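Thanks for asking me to look this one over.

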Amino acid sequence: MKEKRILLFFSCLCVGISLVIASSQHTCPANLEAKCGDGSTDDWEGEFFPGIKKIKYEGPTSKNPLSYKWYNAEEEILGKKMKDWMRFSVAFWHTFRGTGADPFGAPTKSWPWEDGTNSVAMAKRRMRAHFEFMDKLGVNRWCFHDRDIAPDGKTLAETNANLDEIIALAKELQEGTDIKPLWGTAQLFLHPRYMHGAATSSEVGVYAYAAAQVKKAMEVTNYLGGENYVFWGGREGYQTLLNTDMQRELDHLAKFLQAAVDYKKKIGFNGTLLIEPKPQEPTKHQYDWDAATAFAFFQKYGLQEEFKLNIECNHATLSGHSCHHELETARINGLLGNIDANTGDPQIGWDTDQFLTDIAEATLVMLSVVRNGGLAPGGFNFDAKLRRESTDVEDMFIAHVSGMDTLARGLRNVAKLIEDGSLAELVRKRYQSFDSEIGAQIEAGKADFETLEKKAMEWGEPSVASGKQELAEMIFQSVL
Ligand SMILES: [Mn+2]
């Protein structure tokens, strides 16, 4: 059934792409006065978003959809500027490569700067649009997969040359700004060669190809001043254990990650390496199931000092956890490095990657971030796409403004929770019996079973206080 769905997805995608190509003629942004390249060169001088001015903070009473109501970058909250708590970044793949295709339908977006090709010239124009978008949004970080920003060539060498050309342009566009990548990564899941996985493929040639791709992606991320490097094991997992040597695949994955650590040190890349857990999709079982599974994997292979986690809210819910659970699991183990700020749909069963707009969830997310003392050198990236039915250029801005405002509002709510203090007091009181002499002995690992049995005999039936769950919820609701 699943295979049929995937087949359907690809056939839809192909039909969609050929439709777009067949019907496409060269288009320019709406600003027709601007110089418009013919698609074969990158001599682009036009404005891609001519009707949109820089997005500004206008406060919660503003009705302007192209303004921030809660995110005020320079405002200080809990001892840090909002921009330093949030460290927002634009995800190139969703924002500029998202087509609106889903498992049942063709692409719906036809952005005015797209000419229907996957050429290097088109990649350059798209990169220019991306930089104008960041500038107007007021976001100074971005993240990318190697293959989203530059097209595949006929050979690996040609592909690397394509990537170099786009990276040179990105470097040029970054110059004189404070823009840099929050992180880079290698796309190791789209191409058919990766159908059995990359680092966990049964084919040694694929393992080597993936290593070469990660090597190059780490080099260009470092060259652009990227602060982190992410591994999402797109197809690192299995479909059936009947044909899978799970132990051998996990050993291969660990060797691959260790080689990445070694290469990072060799080239002097100081960025944090991040693993992004996900339970399933596209494989039936992904090896980085959730934060706890990834932590166990790190410990088994001695990688816990070299990696942190990039927690994605939609992946958290797919694994049967809340986003807050995954963030706290990562945080208490010293692994919270970055957040893919998105959300799933409570009724749709797959990874829908929607912008996070639930204020309660955003407040819980920000509670973990504040407890973590921030995310730096990590941050937030919007691993979120416009809905299939949102097809106006303006929607790209509105979606980001809405996602950023929701998290900013979450941060403001956390400040209120901390200032109010009653939730922390409720938790403190709940555990106060451990503030006793015997409690301290237990926590210091000095209370053996004989000592505890003596206490249990002496005390008789223990008294058990109310958990106050409804009160905790009432306090939490009061700040939303
Ligand atoms: Mn996702």
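1. To begin with the inventory, the protein chain contains 17 helices and 14 strands. Please keep in mind throughout that this is a predicted model.

2. On overall dimensions, the radius of gyration of the protein chain is 24 Å, which agrees with the value near 23 Å that a compact globule of 480 residues would have. Along the principal axes, the C-alpha atoms fill a box of roughly 85 × 60 × 45 Å.

3. The protein chain splits into domain 1, covering 2–420, and domain 2, covering 433–477. The centres of domain 1 and domain 2, taken over C-alpha atoms, are 44 Å apart.

4. How much of the chain is buried? Buried residues account for 39% of the 480 residues. As for contacts between residues at least 6 apart in sequence, 75% of them join residues at least 24 apart.

5. Strand S10 (residues 272–275) deserves a look in your viewer.

6. Which strands pair with S10? Strand S8 (residues 228–231) runs parallel to S10 and is joined to it by four bridges; here Val-230 has Leu-274 as its bridge partner. Strand S12 (residues 307–312) also pairs with S10 in the parallel sense, over three bridges, and Leu-273 stands opposite Phe-307 of S12.

Definitions and conventions:
Residues are numbered from 1 along each chain as its sequence is written. This is a predicted model: local features need pLDDT of at least 70, side-chain atom pairs count only at pLDDT 80 or more; totals for chains, interfaces and linings use all residues. Helices (H or I, at least four residues) and strands (E, at least two) are DSSP runs, numbered from the N terminus. The radius of gyration is taken over C-alpha atoms; the globule rule is 2.2 Å times the number of residues to the power 0.38. A residue is buried if 20 or more other C-beta atoms lie within 10 Å of its own, exposed if 12 or fewer, and partly exposed in between; C-beta atoms are placed from the backbone. Two residues are in contact if their C-beta atoms, placed from the backbone, lie within 7 Å. Domain bounds come from an automatic or database domain assignment. Two strands pair if DSSP finds at least two bridges between them.
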